[in-house]
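Hello,

Here is the structure I promised to pass on to you. Please open it alongside this email, and I will walk you through what turned up.

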Amino acid sequence: MSFPLLTVTAALPAVGAIATAAVPAAQRTAAKWLALLFSLATLVLAITVLVRFDPDGERYQLTESHAWIADFGVRYELGVDGIAVALIALTALLIPFIILAGWHDADPLETGSKRWRPTQGFFALILAVEAMVILSFEATDVFLFYIFFEAMLIPMYFLIGGFGDRAHEHGEKTAATQRSYAAVKFLLYNLAGGLIMLAAVIGLYVVAGNFSLTEIAEARANGSLDMATSTERWLFLGFFFAFAVKAPLWPLHTWLPNAMQESTAPVAVLITAVVDKVGTFAMLRFCLQLFPEASKWATPAILVLALISIIYGALLAVGQRDIKRLIAYASISHFGFIIMGIFAMTSQGQSGATLYMINHGISTAALMLVAGFLISRRGSRLIADYGGVQKVAPVLAGTFLIGSLATLSLPGLAPFVSEFLVLVGTFTRYPVIGIIATFGIVLAALYTLVLYQRTMTGPVKPEVAAMPDLRVRELVVVAPLVVLLIFLGVYPKPVTDIVNPAVKQTMSDVQKKDPQPEVEAAK
Amino acid sequence: MSATAVHSLWTTAAEPITKIDAPKFEYGQLAPTLIVVGAAIVGILVEAFVPRKSRYYVQMFVSVVALAAAFAAVVALAADGYGTTKARIAAMGAIAVDGPALFLQGTILLAALVGLFTFAERRLDPVEHGNRVDSFAAQAASVPGSESEKAAIKAGFTTTEVFPLLLFAVAGMLIFPAANDLLTLFVALEVFSLPLYLLCALARRKRLMSQEAAVKYFLLGAFASAFTLFGIALLYGYAGSMSYATIAQVVDGTVQDVNPALADTMGNDALLLVGAALLVMGLLFKVGAVPFHMWTPDVYQGAPTPVTGFMAAATKVAAFGALLRVLYVVLPGLRWDWRPVMWAVAIVTMLGGAIVAITQTDIKRLLAYSSIAHAGFILAGVIATTPDGVSSVLFYLAAYSFVTIGAFAVVTLVRDAGGEATHLSKWAGLGRRSPLVAAVFAVFLLAFAGIPLTSGFAGKFAVFKAAAEGGAAPLVVIGVISSAIAAFFYIRVIVLMFFSEPRPEGPTVAVPSPLTITAIGVGVAVTLVLGVAPQYFLDLAGQAGVFVR
């Protein structure tokens, strides 16, 4: 038996979570360092996975398979394809930055009960989320995936509801109420989605008799597992509903602005850059592979919903007064692009969508974390409370600008490549939708540049006059992200090389070929 | 009469007296029940003869030993193969010794053992007049608030009768799911119900509420018993027999030897349908299914919390066991008639329990409605009418009972000046003040809500899977929807504990003795083990999934 690399990669943050939670109440700093250490060690393991993964090799690599709950037909099966590897790397990469950025977010305000340990809890919960997210990227057993897909809601819920911005324009009491509202909304939306999926998971078992993704997909492909058209569609809808809540797709998106607005910036990054990616990833891995026919059947409707997400998210972002809420709506718009890329059913579209997941993770992290630093300095999330920051804190303003430009997909920065691929991929099959989606970019320019202009330029507001520039810790967080944005913008090949073979596989699952260019077809 | 038989003018030779065979009892196979009954009788003698000071310890000792020994007997029987290959009917056809019976008896005994620890807890209430006191009234017979009550408290009386009462209830519960004829079923029902009525009335605090709960429970329970009894009578009229197997044969039309005296009245379908309906109604009352659930919230709220926990867990196990046996052994031939009705009951139970629970403001009432919703989930497994259905229900019951006892044990810890602080508003900020207790309670709530990696999820998945395979897919969808509704109020409690500011005059968390700690610890351990690695227990339930007939 070979070394269970995937299990260890997922288990390490889980162990880290327990260790961090066990640190005595007084040793707050030790807990932080311990959490950081575990997240870095996980990153090392994730890079090992990345290195040992052979893009041209078998579809699922580093596989592990053990009996687990035979009565339910459940096995503990792990395996990664190119898409999963890339997303695991993204997750492991972002968590250390999230921990560093949230270094002081959970310091207790007052010394409460001796047993009350918010700091330990905060970092332990982040690591717990990391462990569950990594496992759900690795699981090739539908049931195993479902378990972690659902279970990660609990630590996320405590992160949203338990920790918020220090300063709040309405005072701590209102903040606590709004926080728990946001947390409950988050949980109920996702739990409802998950429970609908549970019904579909049970249905899948009744139809297929086991939960192994590879076995079911193979049986589907060679025709030994026949599903009635209506059954397949119902099951597809059950799965897709859960993923669409998570992703989030209009009209199931309303939990995201609340959750991102009320949680601290690092937790907001954790939601949108890490956890939500499980939703879009699962569409690629489970919806398309298990239910190829139903996926094709639902494509027009999903594309329209994605298009609405793109335009609606962007329009609402333009109108926001709150920085974090603005970024949340921008994310909804971006998730629209990702889902559009997945369901355009072209290889550019799906490569672009996968690349988009990575790039959106990095660019949102950069923008949101800098926004978080900004907010922690002024104690307000309202755009109107800022002005002229670039004169007092040029580095902060500069990184904020790069994050904003990445969000609007400026050529030369990473998101441009993916957005271009998605649009090209969509256009070749659905030109009208592709054209309308392009307006999303125009709106993106509007909301990001207006945000930058209102907060960073203009006369210096008295409240921000004494604002310190980025500290060393904050620079350590932001600089690598900015470097990555530029690097992947100029040279995205390392990622596309890993992702493309997996996308080809998925395309062959749904038996779709890329449309031929018009000219050739005319010949 | 032949002439030779006459040997005198006044007498005639009787036929030789046929010897009435002495009933043959398989004491070994009935050992679990006999041990518990015996210990209960010993408990009564202890009350009579042992000095008051040492009764508590003696009773504790007797009860723990009895329950442990009975559990050992169950394990020994199961290991001997009585659950599978050697499954048989003992005690002249009155009691079945088979897989489901042994599995449920084992569950009931373990639940009772854990429940017993919460009964015996004496550290939570403040010391009164130098005596440690438990959750039970000093002297049940004294009127609340009267002089005699004060005197009893001052004298340091405690109601150690609760231990034999508990044992009697357990004995009835052990027979209830194993009963193989209707009369035994009814006797078992009464044997476990009467002690429970009494136990409900024995709360030390809020005695009037407790007595009210007991009266309600008793009156409604008596009604339900009457229904059951009437149903039994009608079924006897239908089949001419009390025995499960014979009734089933008559239903199937495969009955062999018909008593000619009964041949005329046998097989009247009206008797069968009405009788079966009344019998099942009585069982659904004990299970707490809508629309026979009215007693549940009041009784759960009023009864002393340890009793509530025990009752919520063990009664449900016993009653579902009996329901399963009646439906699967007696009435399988009638399933096209009872399935639609049970569908309706399951649907209203799931939805009703979940929806009404949302508006509750008392933690014990909330858990009561949640138990109703769970009864609905279990019914979905009952309706499957497959071996998988049986084993999934068995597994669910085992998982559920430990979560329930643990959850109610936590409720006993949160107290203010008036005893347990059960109003939800008082639980605000508990997570700040006692993170450990709140975290443990959160684990139980998440298990109730069926979040993965807890026993609640494994159980829910098992019953829903069985229901879907048994052709009840719409029930699964409704079950999933009501789970989503139910999640809302479990989450609400978690929000309250962790995200609300603690109240200055809020309750304190009492430090319990090792007894309650054990009860809660076992609850948490079972919840997590059954959630992460349920295979062994699913196997056990799977092997135990076949009834003997």
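Two strands are said to pair if DSSP finds at least two bridges between them. With that in mind, please also remember that this is a predicted model.

Let me begin in chain A with a hairpin. Strand β1 (residues 61-69) of chain A pairs with strand β2 (residues 74-80) of chain A; the two run antiparallel and share 6 bridges. Within this pair, A:His66 sits opposite A:Tyr76 in β2(A). The hairpin of β1(A) and β2(A) leaves 4 residues between the strands, and there A:Gly73 adopts a positive phi near 70°.

Next, chain A as a whole. Its secondary structure comes to 21 helices and 2 strands. The radius of gyration of chain A is 22 Å, close to the 24 Å from the globule rule for 523 residues, so chain A is as compact as a globular protein of that length. Taken along the principal axes, the C-alpha atoms of chain A fill a box of roughly 70 × 60 × 40 Å. Of the 523 residues in chain A, 60% count as buried. If you look at contacts in chain A between residues at least 6 apart in sequence, 82% of them join residues at least 24 apart.

Which loop holds A:Leu249? A:Leu249 lies between α9 (229-246) and α10 (255-262) of chain A. Is A:Leu249 buried or exposed? A:Leu249 has 25 other C-beta atoms within 10 Å, and because 20 or more make a residue buried, A:Leu249 counts as buried. Leaving aside neighbours within four places in sequence, the contacts of A:Leu249 are A:Ala244, A:Leu305, A:Ala306, A:Ser309, A:Phe335 and A:Ile339.

A:Ile441 has 19 C-beta neighbours inside 10 Å, so it counts as partly exposed. Leaving aside neighbours within four places in sequence, A:Ile441 is in contact with A:Leu408, A:Ser409 and A:Glu419. A:Ile441 and A:Ile486 are 45 residues apart in sequence, and their C-alpha atoms are 19 Å apart in space.

Then there is the nonpolar core. The largest one has 425 residues, and A:Ile126, A:Ala366 and A:Leu369 have the most contacts inside it. To see one of these up close, select A:Leu369: not counting residues up to four places away in sequence, A:Leu369 touches A:Phe97, A:Ala101, A:Ala265, A:Pro266, A:Val269, A:Val477 and A:Val478.

Now for chain B, which has 20 helices and 5 strands. Its radius of gyration is 25 Å, close to the 24 Å that the globule rule gives for 549 residues, so chain B is as compact as a globular protein of that length. The C-alpha atoms of chain B fill a box of roughly 100 × 60 × 40 Å along the principal axes. Buried residues account for 59% of the 549 residues in chain B. Among the contacts in chain B with a separation of 6 or more, 80% are between residues 24 or more positions apart.

Some of the strands in chain B form an open sheet of 3 strands in the order β4-β3-β5 (chain B), with antiparallel pairing. The edge strands are β4 (419-420) and β5 (508-509) of chain B, each pairing on one side only. Strand β3 (residues 414-416) of chain B is joined to β5(B) by 2 bridges, and the two run antiparallel. For B:Arg415, the bridge partner in β5(B) is B:Thr508.

There is also a record to mention. An unreviewed UniProt entry lists residues 179-485 of chain B as "domain: NADH:quinone oxidoreductase/Mrp antiporter transmembrane". Over residues 179-485, chain B is 76% helix and 2% strand, and the end C-alpha atoms lie 37 Å apart.

Last, the place where the chains meet. How many residues of chain B are in contact with chain A? There are 29, and they contact 33 residues of chain A. On the side of chain B that touches chain A, α18(B) supplies the largest share, 12 residues. By class, that side of chain B has 21 nonpolar, 3 polar and 5 charged residues.

Enjoy exploring, and write back with any questions.

Best wishes

Terms used. Residues numbered from 1 in each chain as written. Chains lettered and ligands numbered in written order. Predicted model: local features only at pLDDT ≥ 70, side-chain atom pairs only at ≥ 80, totals over all residues. Core = buried A, V, L, I, M, F, W, Y, C linked by C-beta atoms within 7 Å. Buried ≥ 20, exposed ≤ 12 C-beta atoms within 10 Å, placed from the backbone. Contact = placed C-beta atoms within 7 Å. Nonpolar A, V, L, I, M, F, W, Y, C, P; charged D, E, K, R; others polar. Rg over C-alpha atoms; globule rule 2.2 N^0.38 Å. UniProt positions renumbered as here; feature names shortened; annotations may be inferred.
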